[in-house]
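Colleague: I have a new model open and would like to go through it. Can we take it step by step?

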Amino acid sequence: MDAVVKFTNQSQGRDRIFRATQYACALSIYLLRNNSDTKELVVKLKSLEATMSAGRKLFRLGNTINSIEAAKRTMQLSDRVLCLCLTVANMTRALYFVCDNAMWARNVGLIRNMDKERWSLNASRCYFISLVMNLTRDAYVILQLMSQKARDRRFRQKMDTHLNGNPEVADVVIPQLDAFLFLLLESLKSHPAVALDTLKNICDLFIPLDRLGIYQSNAGVVGFCGLISSLLGIVTLAQPELKIKP
């Protein structure tokens, strides 16, 4: 119970819960859209989804400063690739929060004569770039882990046993591909934080892809991916050892 209280006391924790609820509503609305017996429920779910979205915008009011501070820290990283990827990701995320805060101010009437659609598209563009840079970081880290794992003598023996112990698979799968996939899975298995971050970013990527029209799916896919990434975010926030560093 203490862990639950501590989690919900964090603004990020509340945002994750609101986000999971928002996308769970979006997914439920999509699944129930053709059911005439659930029209009243769908209306309630749409209202709850809008409430969750508005609440999240309020929680994110100070996140611009947090992202700028994070960018300052990542600029000090000695690894040039990580420095570039994370700094660009944090700066574009800061710009995303600027757009998001402006839209919140427009919704509550603090700003007038603002092109809400244009600002929404700019927010999605910034979010998209931030996710691409985070996924680039994930790919870079995974390649490093695979390189380290491949040099390990015990792992090479394990891989040889795997390849030689499955002759029926060798007839179907290209040995080099099998070896690559085995190395990839073993590397991710030994570093769950990297695996979770990669999966979370891939799920999140479907949201701006759909919004920008780069890869249009549907509300069900967006709701499902948003829900999965939200749940992964809750897990990594509740278990800091599962959060990728830096």
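Colleague: How many helices and how many strands does the protein have?

Modeller: The protein has 11 helices and 0 strands. Helices (H or I, at least four residues) and strands (E, at least two) are DSSP runs, numbered from the N terminus. This is a predicted model, where local features need pLDDT of at least 70 and side-chain atom pairs count only at pLDDT 80 or more, while totals for chains, interfaces and linings use all residues. Residues are numbered from 1 along each chain as its sequence is written, and side-chain values use heavy atoms, with hydrogens and water left out.

Colleague: What does the C-alpha trace span along its principal axes?

Modeller: About 65 × 50 × 45 Å.

Colleague: And what share of the residues is buried?

Modeller: Of the 246 residues, 38% are buried. Buried means under 20% relative accessible area, exposed means over 50%, and partly exposed is in between (1.4 Å probe, protein chains only).

Colleague: Now the helices. At what angle do α5 and α6 pack?

Modeller: Helix α5 (residues 80-107) and helix α6 (residues 116-150) pack at about 155°, and their axes are 8 Å apart. Axes are lines fitted to C-alpha atoms, for helices over the stretch in contact, and angles run from 0 to 180 degrees between N-to-C directions.

Colleague: So what do we call that arrangement of α5 and α6?

Modeller: Roughly antiparallel. Angles under 35 degrees count as roughly parallel, over 145 as roughly antiparallel, 65 to 115 as roughly perpendicular and the rest as oblique.

Colleague: Which residue in α5 could I look at?

Modeller: Trp104 is in helix α5. Trp104 counts as partly exposed, at 22% relative accessibility.

Colleague: How far is Trp104 from Asn34?

Modeller: They are 70 residues apart in sequence and 32 Å apart in space, C-alpha to C-alpha.

Colleague: Different topic. How many aromatic pairs are there?

Modeller: The structure holds 5. Rings of Phe, Tyr and Trp (its six-membered ring) pair if their centres lie within 6.5 Å; planes under 30 degrees apart are stacked, over 60 edge-to-face, and the rest tilted. One of the pairs is Phe206 with Tyr215, which is edge-to-face, at 6.3 Å centre to centre and 70° between the planes.

Colleague: Which residues do ring pairs link into a cluster?

Modeller: Tyr96, Phe97 and Tyr127.
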